[in-house]
Amino acid sequence: MDESFLSQMLVYLAAAVIVVPVFKRLGLGSVLGFLVAGVVIGPWGLKLISDVGAILHFAEIGVALLLFLVGLELDPRRLWSMRKPVFGLGGAQIAVTILAAVGIAHWLGQSITVGIVAGMGFAMSSTAIVLATLAEKNLMPAPAGQASFAVLLAQDLAVIPLLMVLALLAPGATGADFDFLAAGKAIGVIAGVIFVGHTLLRPVLRYMANTRLREIFIAFSLLLVLGTATLVHWVGLSMALGTFLAGVVLADSEYRHELELDIEPFKGLLLGLFFIAVGMSVDIGLFASAPHIVVGLALGVVALKIVLLLPLARLFGVSARDAILFALLLSQAGEFAFVVFGAAGTQNILPRETVDLLTAVVTASMLTTPLILFAYERLIAPWLARGPERAADRIEEHHPVIVAGFGRFGQIVTRLLQGRGVAATIIDHDPNQIELVRRFGWKAYYGDISRLDLLEKAGAAEAKLLIIAVDDPDAARATVKLARSRFPNLAVLARARDRTDAFEYAELGVPAIRETFGSAVEAGERALHILGVGAHAARRFAMWFRRHDEEELVLLAAHRHDQKKLIERTQKARDDLEQLLRDEEGRVRRGGEGGWD
Amino acid sequence: MTADLRILVLYAHPNPDVSRTNRALRGAIEDAPGVTVHDLYECYPDLFIDVRREQRMLLEHDVLVFQHPMQWYSAPSIVKEWEDSVLENGWAYGEGGDKLRGKYFLQAVSTGGHPESYVHGGKAHFTVPELLRPFEQMAHYCGMVVLPPFVTNDARDLDDHAIAAQAGRYRALLDAIHRGELPAPFHTIPGKD
C-alpha cells in the first residue's frame, strides 16, 4: 500500500462528502453528486486522479455487490414470476433498439456494422444508475420500478449473446469463429454457481457463522461475492449477472439478512466510487472539440430510447403513468456500452475515433438521467397527479356510506359494513388499485375525492357518512374541510396515520381512528396474556390503556405546538397511566384477598 | 342409571391468578374422566359469547356444572351473560326448546364468609341454596334435574390442607356422577317435597 493509494482514497472520500450532500440537498440525487464529483477531480478537472480506466474497472465491483443485494431480495419463485417482462419486454427492447440504431446509422450514411454495434451498446441501460435511483427514491416495489428491473435483468442476460455477435462482426470473422467453447463454459459456470450455492454454500456459511467472528463472516461474504464475480467474468459473463444469481440462490437461506447487512456498506462506497469513476472518464476534451456532436448524439440516444420504451411498456400492459417513469428511468446508455464499444475497438470493428465518440456519448447520456428524473419529479409527476390522465369514473349509484381510499384500511371497514348489509360507494385515486379490487368483485370508482364535483357525484348530499382512508394526509384533511363546509349533514370519520395526524383531526373536531393504535393495543394485550396475565384481566388492562390514551390525546392536542408543555404533559400522562394500571392491579388483588376467591 | 356421563364444567373466575380455592378445585377435576373444563373468562375476555359453540358443547354433555366463587350473593357477571345469550327461547325453553331436558345441573360455589353467616338470622340472612334459587329455577325451567350444590365456605381462610381435602371431595363427587352414581335430586321450592 503506497502513499499514492492513500492520497487517492483521501481524494475520493473528500470529493464524495463535499459534493454528494449538496446535490442530495438540492434534490438532484446522490448519483449525480458522485458523477459531478468525478468530473471535478478527474483528468479534465483538477487532475487529482489519472488512471481512470483502472479505477473504473475496480469500482465495477460496486455494481456487482449491488446486484448481489438485489438478488438476495428475490427468491427463485419471484424471479420465475418475472419471466414475461424479462424475456418479453426486455427482449423486445433490445431488439427494437438495435433495429432502430441500424436504421438511423444507415440514414446517417454509416455502415450497418456501426449501427449494430451502436445499437447493442445503446440498448443497454445503466444498471448502476437505475437501481441506485430506484433504491434512493424507494421506487423498487412500484410498477415502474419492477418493469425497469425486469428490463435491466434482460439486458444483463443478453450480454453473452451480444458479445458473441460482436465477435462475428470482426473483420475476417466467419461463422466458424462462433465460440461454442466459450458458450459452453458460460453455461457451465452458471450451472456451477447455482449448484454450489444450493448445496455447499449453506454449510460453509453456517461454519463461518459458528466461528462467531463477525469479521470472518464479513470477509467470507465479500470473498463469496468477489469470487463469483471473478469466476463469471473469466468466462465472459457480466459480473453483475453472476453475483445477481448468487444472491438469488441465497435469497431463501437463513443468512440472507446477515449477508445483506455485511455487504451493504461496501456496496454503497464502491458504487459511489463507480459513479465517481464514470464522472472522471468524461472526456471533456472531446466535449470541447465537438460539443454539438456529443451532446446532440447523447440527447438523440436518450430521446430515441424514451420513444422506443414508452410504447413497448404500454404494449406489455404497463399503465401510461408508470410507462412514462419507466421510459425516463431507462433512457440512458449504461456501463455495458463501454464494454461493447471497447471490444469493438480492440477487434477493429470500429475505428478508434468512433469508439471514443460513442463512449463520450454514453457518459453524457448517463449524466442526463438524474437531471431528467429531477425534472420529472418537479414538473411531470405533479402534472400527472393533477391533470388526471384518466377522467374520474361516472358513479352510477348512491349509497349511505362513501369510502374514500380503498387500501388496507378502507377495505376492512367496507367489508365489515357490507357484512351488515350497509352498501358503500368506494372511491380511490390509484387506477391500479381500482383495477385490482374490481377483479375481486368490488365496485370501486376512480377519482380524486378532495374535489368538490367528485364528492357531489359520489352522493355526498344524500349520504350519511364519509369515511376517509386515503393515504395522502394533506388530501385527507382537505377532503374533511371540504365535506364539513359543503355537506354539514354528512358525518365524517377519518383514519389518522399517526399521533400527529390524530392531533390535526382532534383540532378539526373530526373523530379519527388511529391506524395502528387498535392493533398495537391488541398486541399488548396478547403479550400480557402470554406473560401469564388472565385473558379477562389482560383485556381490562388493554381497555384502560385505550381509554386513557384516547382521553390523553385530546388533552395533548391542545399543547401540540408547545414542545416543552407537550413533553411535560406526556410525562405526566405516562405516570397517570402507571397509577391507573396499578389501581386496576390492586383492585384485582384486593378482590382476591379481602373479597372473592 | 346410564354410566359414563359426560360433564361440562363452566369455570367462571374473573381473576383466576389470585384464586386459591377455586384454582385448586379446578385443578383436581381437570383430568377427571368425562370432564370438560370450559373457562369462560379465558374464552370470552370481553364477555362476547359464541352462542352456537356453547350450545354445541351443551349437546355433547349430560351434566352441566357452574363452578364459580359467590360474588355479591350470586355468580360473576359472565355466568349471567352466558345464561342470557346461550339459553335461547326455542332451544333451552319455550316451543321446541328441549335441548337441555333430562340433563343434570350442579353448582359448585365458594363463599368468602363463614358457614354461620349463611343461615337465617346470620350476616347473609339466607342459606347458600336459597341464594342460588335463580339458578335452580333456571335449571328447572329448562327441564334439567337439579343436584344439591357443592359449597366451599371460608374459601379465603382455608389452609392448604383443608383446600386439598375439599378438592379431593369435589373430584370424588364428579367421578361418582361420571359413573352414574348420582346424589338425590334437590330443590328449595316452597310447598314441594
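# Exercises on a two-chain predicted model

Helix 3 (residues 52-72) of chain A packs against helix 7 (residues 127-136) of chain A at an angle of about 50°, with the axes 10 Å apart. The model is predicted: local features need pLDDT of at least 70, side-chain atom pairs count only at pLDDT 80 or more, and totals for chains, interfaces and linings use all residues. Residues are numbered from 1 along each chain as its sequence is written, while chains are lettered from A and ligands numbered from 1 in the order in which they are written.

## Exercise 1

Describe how helix 3 and helix 7 of chain A pack, and list the residues of the contact.

Step 1. Helices (H or I, at least four residues) and strands (E, at least two) are DSSP runs, numbered from the N terminus. Axes are lines fitted to C-alpha atoms, for helices over the stretch in contact, and angles run from 0 to 180 degrees between N-to-C directions.

Step 2. Angles under 35 degrees count as roughly parallel, over 145 as roughly antiparallel, 65 to 115 as roughly perpendicular and the rest as oblique. Helix 3 and helix 7 of chain A are therefore oblique to each other.

Step 3. Helix 3 of chain A passes helix 7 of chain A in a left-handed crossing (the near helix is turned anticlockwise from the far one by less than a right angle).

Step 4. Helix 3 of chain A contributes Val63(A), Leu66(A), Leu67(A) and Val70(A), and helix 7 of chain A contributes Thr127(A), Ala128(A) and Leu131(A). Contact here means C-beta atoms, placed from the backbone, within 7 Å.

Step 5. By class, these residues are 6 nonpolar, 1 polar and no charged. Ala, Val, Leu, Ile, Met, Phe, Trp, Tyr, Cys and Pro count as nonpolar, Asp, Glu, Lys and Arg as charged, and the others, Gly among them, as polar.

## Exercise 2

Step 1. Strand 1 and strand 2 of chain A are joined by 4 bridges. Ile402(A) stands opposite Thr425(A), and Ala404(A) opposite Ile427(A).

Step 2. Strand 2 (residues 424-428) and strand 3 of chain A are joined by 3 bridges, with Ile426(A) opposite Ala444(A).

Step 3. A residue is buried if 20 or more other C-beta atoms lie within 10 Å of its own, exposed if 12 or fewer, and partly exposed in between, with C-beta atoms placed from the backbone. In strand 2 of chain A, 5 of its 5 residues are buried.

## Exercise 3

Characterise the side of chain A that touches chain B.

Step 1. In this interface, 13 residues of chain A are in contact with 19 residues of chain B.

Step 2. Helix 25 (535-558) and helix 26 (563-594) of chain A are the elements giving two or more residues. The largest share, 5 residues, comes from helix 25 of chain A.

Step 3. The side of chain A divides into 5 nonpolar, 5 polar and 3 charged residues.

Methods: Two residues are in contact if their C-beta atoms, placed from the backbone, lie within 7 Å. Two strands pair if DSSP finds at least two bridges between them.
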